Amino acid sequence: MPPALAAALAPVRRPVLPALPVRAAGLALLLAVAFVAIPLTATDYWYNAILIPFLIMALAGLGLNLTMGYAGQASLGTGAFMAVGAYATYNLLLRLPELPLPVSLAGGGLIAGAVGLVVGLPSLRIKGFYLIAPTLAAQFLIEWVFNQVGWFSNYASSSAISAPRLVFLGYDLSSPAGRYALTLTSVSVVMVLAWRLVGSQTGRNWRAVRDGETAAAVIGVPVARAKLSAFFVGAAVSGVAGALWAFAYLGTVDARSFDLDRSFQAMFIIIIGGLSSLSGSFIGAAFIVLTPILLTHLSNALLGGSLDGGQISNLQRILFGALIIGFLIKEPNGLAALLGRLRHPAR
Amino acid sequence: MSRLSRVLGAAALAASLTAPFSLPSAAFAQEAGAPAAKQYIPLATYRVGAYASSGTPVWGGTIDYLRYLNEVEGGINGVKLTWEECETEWAVEKGVECYERLKGGRDGSPVPLFLPHGDPITKALTEKSAADKIPLLTTGYGRTEAIDGRVFPYSFTVLFSFWSEASSAINYIAEQVGGKDKLKGLKIATVYHDSPYGKETQVPLDLLAKTYGFENIQIAVPHPGNDQSAQWARIRQIKPDWVFLRGWGVMTPVAIKTAAKTGFPVDHIIGGIWSGSEEDVRPAGSVGKGYLAITPFPAGAEFGILKKIKAAIVDQGKSDLKDLKSFGSVYYNSGVIETIIAVEAIRTAQARFGKRPLTGEETQWGLEHLVLDEARLKELGADGLVQPLRLSIKDHEGGGAGKVLQWDGAKWNIVSKGWVKSDRELLLPVIYERAAAYAREKGITPRSEDTAEASAK
């Protein structure tokens with residue numbers, strides 16, 4: 001394995017966590033803000049431009065983090081898995097309208113997981129850096145299939161899919177607040193499942209395979225099963241994220257929304273946020289999704305009018321790049337570790 | 001650093017980070033005050049990123065025309081215009097962010113319409129804009145089905161849809177060979193960018209091939225189209241009579257160069273809307289001479305309105321263009337044309353709702369009642385530049401004609417006799433069918449002309 005990747009995939013030195021009641025209180029506060037305070041105060045702009053894309057990309061990052069961060073299986077197929085989730089959910093909603101929305105969403109995720117399982121098969125023979133190649137192939141192939149085979153998009157003239165009405169138990173979820181509620185609930189449910197999974201025997205097997213495949217095999221960890229289950233779960237989570245991206249965020253998408261750039265975005269999210277850290281996916285998504293928006297607001301407030309639009313945008317990109325490099329030098333293990341150090345400087 | 005100062009530092013950082021987000025709400029607070037006299041128009045631009053070179057001249061045309069209106073004509077019926085740019089980089093997330101940020105209006109003026117500038121952004125905004133009652137105006141791109149305003153009340157695929165583009169290209173070929181009956185037996189190959197945009201013309205070309213009896217050959221070029229030797233080798237084999245080139249970005253110059261290399265006559269290639277600008281042919285060099293393109297944005301600086309803009313804005317050093325060579329180019333003129341349509345829609349709506357900054361709902365009425373006939377276009381100095389348009393609830397396209405340009409090695413010349421019309425009577429029923437299917441899938445009840453009129457009151 002090349003040293004750079006070995007370093008990237010190395011176990012993260014986790015800060016010692018505070019006592020359980022403190023964490024529980026913090027978590028309860030976070031949930032209260034997300035479920036109660038935000039719906040009371042947020043505007044359309046906050047929902048559509050900030051909160052919904054942030055939550056969905058955090059979920060996509062979480063999916064990749066399970067595969068790559070916890071189980072050490074590098075993948076550039078996140079965009080493809082998101083596409084599968086989106087197109088599968090679309091077809092379930094369209095062709096089986098009697099299914100309730102959560103079932104279609106979960107079904108889309110499971111189908112994406114199944115595709116991820118197939119894409120993950122080469123991981124049984126190919127290791128580390130080289131595993132990126134088959135996942136990259138899947139990324140291109142799946143995007144191409146959705147673009148070419150009209151059946152998946154119900155023969156729409158431009159292969160774009162559009163959300164049917166989002167209704168659950170009689171509630172119309174197509175308003176910004178409704179779509180936020182759908183996204184937040186999905187993200188919370190998946191997060192709880194991921195948290196339980198990571199702490200279970202499966203999660204321990206993943207980490208064992210990541211940290212030393214031969215050693216893991218010697219002590220009796222089912223390596224093949226661990227790898228494939230990591231691909232399955234990671235792709236399923238990304239699939240749910242893709243379905244939400246298509247229906248809760250954009251409304252109408254085509255396969256281009258899930259191109260290689262999206263896979264890279266998910267990978268940057270977890271590298272910057274922190275590999276094998278659940279909260280790292282959220283912190284990384286906040287950084288990657290929100291910093292450019294923040295820079296736009298800052299530069300408009302500070303420089304508005306004095307420079308032309310193109311120069312301001314280029315300045316923002318330079319600043320964004322510099323911030324990424326700065327943070328990674330300060331803390332190669334990601335922002336999650338950096339925040340952990342801030343909370344516990346002595347340790 | 002002590003723990004306390006760390007906490008304080010973090011708090012200060014958090015405060016400074018969240019502060020800018022509260023700015024827009026402060027700006028909106030002024031809405032309650034007296035109505036401002038200025039009409040606000042948000043501009044979603046892409047001056048950076050992969051397509052910046054094609055975007056920059058468009059905003060040049062748009063902003064120069066807006067400046068001309070403010071400085072020479074005193075705005076629209078005395079209502080001055082104000083605008084603000086938002087950078088999208090042609091990316092859908094940034095486009096949605098821009099739309100959400102700007103849709104509330106500014107300084108008391110609501111948003112009359114939104115120019116999304118980007119096919120994926122348009123798709124993502126279709127439903128959001130309908131919910132917010134802000135018309136999306138797309139010229140030379142956008143959803144073809146949105147021509148049916150009964151299903152898409154707030155999407156306006158004005159001017160020249162991709163289906164009309166295909167049909168007009170075929171009709172130009174018919175003119176060249178001596179009539180539509182001579183199309184029978186011709187081989188017409190479409191070389192297209194393999195993307196939703198590129199495939200958009202397959203259905204209408206199929207239909208036209210069945211109607212006129214020409215052979216319809218479809219050849220895909222994968223994105224980005226840096227190497228097309230395989231595609232043009234196939235063309236060499238098939239020997240089509242004409243090639244219709246629907247490219248995007250780098251694909252067009254590479255296609256022209258490869259065609260010349262394989263010996264296909266460049267003057268039998270007709271580029272589509274997004275393969276027909278100076279930026280598309282210049283990189284091909286001298287072999288591009290004779291290349292044709294069909295476009296709703298005729299190039300040239302000799303149109304009346306362009307002369308006026310030149311005298312009042314460009315020659316005074318007030319142009320938004322950094323490179324004045326782009327003045328009168330296809331993209332520059334597309335910005336002018338798009339803005340003329342937007343401004344005339346606002347003017348139409350002002351006649352009904354009053355001379356003040358208008359809302360999206362009011363401008364939607366203006367767009368659906370927009371009439372730009374020859375006489376009005378002459379008044380504007382836009383005859384020959386903008387095709388005659390008549391929009392209605394059932395027809396959000398209005399025109400559906402293009403002009404054919406030919407590259408002489410240095411600039412474009414108009415070679416078609418006036419506007420080449422498309423076979424809209426043939427295409428519209430299919431478009432309506434597709435819109436109806438969309439309505440069924442989405443559970444939308446299409447408006448009728450009566451209900452639309454009632455809601456406008």
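Start with chain B: among its contacts between residues at least 6 apart in sequence, 70% join residues at least 24 apart, a contact meaning that two C-beta atoms, placed from the backbone, lie within 7 Å. The model is predicted, so local features need pLDDT of at least 70 and side-chain atom pairs count only at pLDDT 80 or more, while totals for chains, interfaces and linings use all residues. Residues are numbered from 1 along each chain as its sequence is written, and chains are lettered from A and ligands numbered from 1 in the order in which they are written.

**Chain B as a whole**

Colour chain B by secondary structure to see 16 helices and 14 strands; these are DSSP runs numbered from the N terminus, helices being H or I with at least four residues and strands E with at least two. The radius of gyration of chain B is 23 Å, close to the 23 Å of the globule rule for 457 residues, so chain B is as compact as a globular protein of that length. That radius is taken over C-alpha atoms, and the rule is 2.2 Å times the number of residues to the power 0.38. The C-alpha trace of chain B spans about 75 × 65 × 50 Å along its principal axes. Of the 457 residues, 54% count as buried (20 or more other C-beta atoms within 10 Å of a residue's own; 12 or fewer is exposed, in between is partly exposed; C-beta atoms placed from the backbone).

**The two domains of chain B**

Select 34-160 + 299-391 + 423-456 of chain B for domain 1, then 163-295 for domain 2; such bounds come from an automatic or database domain assignment. The domain centres, taken over C-alpha atoms, are 28 Å apart. Each of the two domains of chain B gives 17 residues to the contact. On the domain 1 side, helix H2 (52-73), helix H12 (330-353) and helix H15 (424-442) of chain B each supply at least two residues. H15(B) gives the most, with five residues. By class, this side of domain 1 has nine nonpolar, five polar and three charged residues. Here Ala, Val, Leu, Ile, Met, Phe, Trp, Tyr, Cys and Pro count as nonpolar, Asp, Glu, Lys and Arg as charged, and the others, Gly among them, as polar.

**Across to chain A**

Show both chains: 30 residues of chain A are in contact with 38 residues of chain B. Helix H3 (44-70), helix H12 (278-303) and helix H13 (309-330) of chain A are the elements giving two or more residues to the chain A side. That side holds twelve nonpolar, 14 polar and four charged residues.

Chain A has 14 helices and four strands, and 50% of its 347 residues count as buried.

**H7 and H10 of chain A**

Select 176-199 and 223-250 of chain A: helices H7 and H10 pack at an angle of about 175°, with axes 11 Å apart. Axes are lines fitted to C-alpha atoms, for helices over the stretch in contact, and angles run from 0 to 180 degrees between N-to-C directions. The two helices, H7(A) and H10(A), are therefore roughly antiparallel (over 145 degrees). Residues to show include Leu182(A) and Val190(A) from H7(A), and Val237(A) and Leu244(A) from H10(A).

**Last stop: Ala208(A)**

Centre on Ala208(A), in helix H8 (residues 201-211) of chain A. With 20 C-beta neighbours inside 10 Å, Ala208(A) counts as buried. Not counting residues up to four places away in sequence, Ala208(A) touches Ala216(A) and Val221(A).

Terms used
Parallel < 35°, antiparallel > 145°, perpendicular 65-115°, else oblique.
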